[in-house]
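Please keep the sequence and the structure in view while reading.

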Amino acid sequence: RALGTKPAPMAVEGLLDEALLQAFRARMTGRGGERAVALTELLLRIAPERFAAPDIYMLRLLSDVTSPRLETPARSLLATFDLDRDRRPVAAYWSGNVLEKLGDAAGAIKLYTLLCDRPEFDDEPMKAQACERVGLHELERGRVAAARVRLWHSARISRHANEGWEFDRKLALIARTNAAR
């Protein structure tokens, strides 16, 4: 009620910041996601234009929260991104996360594959995560050779980023694919 029906732009930005913070808190603790959802639904009510343009911050928020009321606006937001032109890893990765939350696993894998196949950003953790997700998807489908290629790509990115624990974890995943042969 304090925001009114048409709040000032700074009030909308403050609300978005709070929603992002609550979504981060929920992601880190596994609790409190309902507050982030409520704030996102409030954003939809008072600033629907944020869902009608390629807004990377809204995409980030929607990659963490979902509700039945946010499904249509989330799809509208996704449609505003041209991932052939917008090559930022966050755009493809968070779009894939949103599609997963909406139940479109095949669409998400397509976007993760798009990111994984790009020749640039081989130092980007999101690309490593995308390659790992594609690799695990390939493994679930019984395509062991393709899975190993994707998992190894992910492991190399982690290794180059000096993330030894991630590199070791991914090598263990690859090693387990030997049993699937």
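Arginine 87 is partly exposed, with a relative accessible area of 34%. Buried means under 20% relative accessible area, exposed over 50%, and partly exposed in between (1.4 Å probe, protein chains only). Arginine 87 sits in the loop between α4 and α5. Helices (H or I, at least four residues) and strands (E, at least two) are DSSP runs, numbered from the N terminus. Leaving aside neighbours within four places in sequence, arginine 87 contacts Arg118, Pro119, Glu120 and Phe121. Contact here means heavy atoms within 4.5 Å. The C-alpha atoms of arginine 87 and leucine 114 are separated by 9.7 Å, and the two residues are 27 apart along the chain.

The model is predicted: local features need pLDDT of at least 70, side-chain atom pairs count only at pLDDT 80 or more, and totals for chains, interfaces and linings use all residues. Residues are numbered from 1 along each chain as its sequence is written, and side-chain values use heavy atoms, with hydrogens and water left out.

Lysine 127 belongs to helix α7 (residues 125–140). Is lysine 127 buried or exposed? Lysine 127 is buried, with a relative accessible area of 0%. Not counting residues up to four places away in sequence, lysine 127 touches Leu115, Cys116, Arg118, Pro119, Glu120, Phe121, Asp122, His153 and Ile157.

Cys116 also takes part in a disulfide, with cysteine 131 (S to S 2.2 Å). A disulfide is counted when two cysteine sulfur atoms lie within 2.5 Å, and the count comes to one. The angle about the S-S bond is 110 degrees, and the link is right-handed. Cysteine 116 is in helix α6 and cysteine 131 in helix α7, 15 residues apart, so the pair links distant parts of the chain.

Next come the aromatic rings. A search of the whole structure finds two aromatic pairs. In one of them, the rings of tyrosine 93 and tyrosine 112 have centres 5.6 Å apart and planes at 40 degrees, so the pair is tilted. Rings of Phe, Tyr and Trp (its six-membered ring) pair if their centres lie within 6.5 Å; planes under 30 degrees apart count as stacked, over 60 as edge-to-face and the rest as tilted. Tyrosine 93 lies in helix α5 (residues 89–101) and tyrosine 112 in helix α6 (residues 105–117), 19 residues apart.

On a 1 Å grid over the protein atoms alone, a cavity is a set of points where a 1.4 Å probe fits but cannot get out; a pocket is an open set with protein on both sides within 12 Å along at least five of seven lines, and lining residues have an atom within 4 Å of a point. Grid points are joined across faces, edges and corners, and a volume is the space filled by probe spheres set on the points.

| Space | Volume | Elements giving at least two lining residues |
|---|---|---|
| Largest pocket | about 180 Å³ | α3 (56–64), α5 and α7 |
| Largest cavity | about 40 Å³ | α4 (71–80) and α5 |

One cavity of 30 Å³ or more is counted. Its lining includes Leu62, Val98 and Lys101.
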